[in-house]
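We will go from stop to stop, picking a few residues each time.

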Amino acid sequence: MSNKRKILIQLDTDLKASVFDAVVAIDAGVDHLLQYSNVKQEEVRSLVHGAMYTRGPQDLKHTAIFVGGSSVAHGEAVAMAAFETLHDPFRVSIMLDSNGSNSTAAAAVLCAQQHMEIRDSFSVVLAATGPVGQRVCRILANLGGKVFVGSRSQERAEETIDELVRANVERSRLIPLVSEDEAAVNGALIRSQAVFACGAAGIRLLTAQQLAAATSLRVAVDLNAVPPEGIEGIGAFDKAVERGNRIDYGALGVGGLKMKIHKASIAALFESNHRFLDCQEMLTIGTDILARQNGIW
Ligand SMILES: NC(=O)c1ccc[n+]([C@@H]2O[C@H](COP(=O)([O-])OP(=O)(O)OC[C@H]3O[C@@H](n4cnc5c(N)ncnc54)[C@H](OP(=O)(O)O)[C@@H]3O)[C@@H](O)[C@H]2O)c1
């Protein structure tokens with residue numbers, strides 16, 4: 001049996017590598033964390049070579065790479081550059097969770113999924129153009145739902161749809177929605193079974209009156225933890241709070257599952273040397289966590 005220590009190489013695209021990601025890594029069982037800040041795509045190759053050619057191939061599952069930082073676009077480029085550097089048999093697993101976008105989106109959809117069937121449902125994703133909103137749209141559409149992709153700007157909503165289509169999401173599942181057009185938002189809400197508010201911190205996206213009028217909604221999720229609430233009336237700590245026919249989640253209500261997914265994903269990196277954990281894989285990890293929690297297996 002190998003007694004190699006678990007080494008996580010944190011490639012962060014920000015000037016200072018995230019303390020949050022470092023603490024979660026250590027809590028998830030990493031023995032040594034090597035932090036690199038302000039990482040640029042063109043610097044990745046030599047950093048990854050250092051990970052590949054030090055331990056023998058049989059021990060490489062004890063080395064892994066975490067890509068973080070506030071910019072998801074930069075994180076994606078760094079993670080892809082790292083992946084493209086690897087070759088058999090010198091592989092290490094990689095996780096991409098810039099800005100917590102993948103673990104948060106997976107947790108948000110899984111919270112909703114506990115109360116409704118996503119397949120063939122309609123969801124409104126407000127502020128869908130941000131890293132978290134975009135991932136929420138991707139997961140919902142890949143689960144067979146139809147998604148109103150909200151933005152203050154028609155152009156940004158359409159750009160986001162184009163990006164999702166490039167990530168292999170079916171275009172027919174995505175409908176642009178201009179959130180400045182209140183009648184359009186209300187029309188989308190009345191057709192929908194779920195709403196996800198993914199706006200920037202401290203931004204109100206939906207009033208209590210709009211929410212109350214949306215009588216088809218089964219679930220409402222607000223990911224903004226900074227007052228005022230993104231959806232008026234949904235508290236940050238709400239976790240499966242029943243309000244009439246609807247179940248509500250606030251940011252911290254989703255946060256517990258997000259943290260479990262984040263930690264379990266770090267742990268999963270050390271199970272083999274060829275994983276690439278993005279939002280779909282984290283959704284699977286979160287699904288397993290809930291199945292265990294609910295005693296399904
Ligand atoms: N619970 C958790 O564990 C957790 C973890 C990570 C993040 N979060 C939260 O999740 C939310 C989404 O995160 P993110 O990083 O994706 O957000 P973000 O990039 O900061 O913002 C998302 C979108 O919000 C919209 N927006 C920005 N300023 C606005 C304004 N003044 N008025 C109306 N809309 C505005 C923009 O969309 P348009 O310009 O297209 O309208 C933007 O693309 C945040 O509130 C964040 O704090 C929660």
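Predicted model: local features only at pLDDT ≥ 70, side-chain atom pairs only at ≥ 80, totals over all residues.

## Stop 1: a pair of strands

Residues are numbered from 1 along each chain as its sequence is written.

Now show strand S1 (residues 7–12) next to S2: they run parallel, joined by 5 bridges. Strand and helix names come from DSSP runs (H or I of at least four residues for helices, E of at least two for strands), numbered from the N terminus. Two strands pair if DSSP finds at least two bridges between them.

## Stop 2: two domains

Colour the chain in two parts. Domain 1 covers 7–100 + 259–293, and domain 2 covers 103–254. These bounds come from an automatic or database domain assignment. The C-alpha centres of domain 1 and domain 2 lie 28 Å apart.

Look at where the two parts meet. Here 15 residues of domain 1 are in contact with 12 residues of domain 2. Contact means that the C-beta atoms of two residues, placed from the backbone, lie within 7 Å.

Select H9 and helix H10 (279–293). These are the elements that give two or more residues to the side of domain 1 that touches domain 2. H10 has the largest share of that side, with 7 residues. By class, that side of domain 1 has 6 nonpolar, 8 polar and 1 charged residues. Nonpolar here means Ala, Val, Leu, Ile, Met, Phe, Trp, Tyr, Cys and Pro; charged means Asp, Glu, Lys and Arg; the others, Gly among them, are polar.

## Stop 3: around the ligand

Show the ligand and the 25 residues around it: Ala-127, Thr-129, Gly-130, Ser-151 and Ala-200 come nearest. A residue counts as near if its C-beta atom, placed from the backbone, lies within 6 Å.

Next, select helix H5 (131–142) and helix H9 (251–269). Each supplies at least two residues of the shell around the ligand. H9 gives the largest share of this shell, 4 residues. The shell divides into 11 nonpolar, 11 polar and 3 charged residues.

## Stop 4: the core

Of its 88 residues, Ala-108, Val-125, Leu-126 and Val-136 touch the most other members. A nonpolar core is a set of buried Ala, Val, Leu, Ile, Met, Phe, Trp, Tyr and Cys residues joined through C-beta atoms within 7 Å. Buried means 20 or more other C-beta atoms within 10 Å of a residue's own; exposed means 12 or fewer, and partly exposed is in between, with C-beta atoms placed from the backbone.

Helix H4 (residues 101–113) gives the most to this core, with 8 residues. Both domain 1 and domain 2 supply at least three residues to this core.

Pick Val-125. Leaving out residues up to four places away in sequence, Val-125 touches Gly-133, Val-136, Cys-137, Val-147, Phe-148, Val-149, Gly-150, Phe-196 and Cys-198.

Then pick Ala-112, in helix H4. Why does Ala-112 count as buried? Because 26 other C-beta atoms lie within 10 Å. Ala-112 and Val-221 are 109 residues apart in sequence, yet 7.5 Å apart in space, C-alpha to C-alpha.

## Stop 5

Go to Pro-89, in the loop between helix H3 (72–85) and strand S4 (93–96). The peptide bond from Asp-88 to Pro-89 is cis, with omega near -5°.

Finish with two asparagines. Asn-99 is in the loop between S4 and H4. Its phi is near 60°, a positive value in a residue other than glycine. Asn-168 also has a positive phi, about 75°.
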